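Thanks for coming. I have one structure to show today, and I will go from the whole chain down to single residues. Here it is on the screen.

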Amino acid sequence: MQSRIFPVSEYVRPSNGEPIRSVVQETKDAVVVVWHAHPGQDIAAHIHPHGQDTWTVISGEADYYQGGGIVAHLKAGDIAIANPGQVHGALNTGQVPLVFVSVVAPGSAGFAVAEK
């Protein structure tokens, strides 16, 4: 039987360029990724026109973009849910890496850049 357990630490990919999105699993039902963003790195505001994106923050903190200029504080232990078409993105405002697991469902949710 294939394991259904995926250690987050095995998918963390630090980068001095853009934040890294490391795919854990991608199916028609969902895409599961681990994000890593150094302090000051930005995950561009975007939407998924046909799906929900749920972020579970493992470490760090960030300004979480919600569109229309609305920004919320996101920190380790928080879960942020963006329903289909809702803007989301983040700027790591903390002193440690922002690491979170993102689950986009369904897998065919689409992607488009959006305004913060």
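When I say strand, I mean a DSSP run of E of at least two residues, numbered from the N terminus. This is a predicted model, so please keep that in mind throughout.

Along the sequence the chain reads β-β-β-β-β-β-β-β-β-β. That is 10 strands and 0 helices. The chain is as compact as a globular protein of its length, because its radius of gyration is 13 Å, close to the 13 Å that the globule rule gives for 116 residues. The C-alpha trace spans about 45 × 30 × 25 Å along its principal axes. Of the 116 residues, 40% are buried. Taking contacts with a separation of 6 or more, 69% are between residues 24 or more positions apart. The accessible surface is about 6400 Å², and carbon and sulfur atoms contribute 55% of that.

Now the sheet. An open sheet is formed by 5 strands, in the order β1-β2-β9-β4-β7, with antiparallel pairing. At its edges are β1, residues 20-26, and β7, residues 79-82, each pairing on one side only. On average, neighbouring strands here are turned by 20° against each other, direction ignored.

Inside that sheet, β4 (residues 52-59) and β9 (residues 98-105) run antiparallel and are joined by 7 bridges. Asp53 sits opposite Val104 in β9.

Last, a hairpin. Strands β5 (residues 61-65) and β6 (residues 71-75) pair antiparallel over 5 bridges. Tyr64 has Ala72 in β6 as its bridge partner. Between the two strands of this hairpin lie 5 residues, and Gly67 has a positive phi near 85°.

Key: Residues numbered from 1 in each chain as written. Predicted model: local features only at pLDDT ≥ 70, side-chain atom pairs only at ≥ 80, totals over all residues. Heavy atoms only, no water. Pairing = 2+ DSSP bridges. Helix = DSSP H or I, 4+ residues; strand = E, 2+ residues; numbered from the N terminus. Axes fitted to C-alpha atoms, helices over the stretch in contact; angles between N-to-C directions. Rg over C-alpha atoms; globule rule 2.2 N^0.38 Å. Buried < 20%, exposed > 50% of the residue type's maximum accessible area, 1.4 Å probe, protein only. Contact = heavy atoms within 4.5 Å. Areas by Shrake-Rupley, 256 points an atom, 1.4 Å probe, with all protein chains shown as cover.
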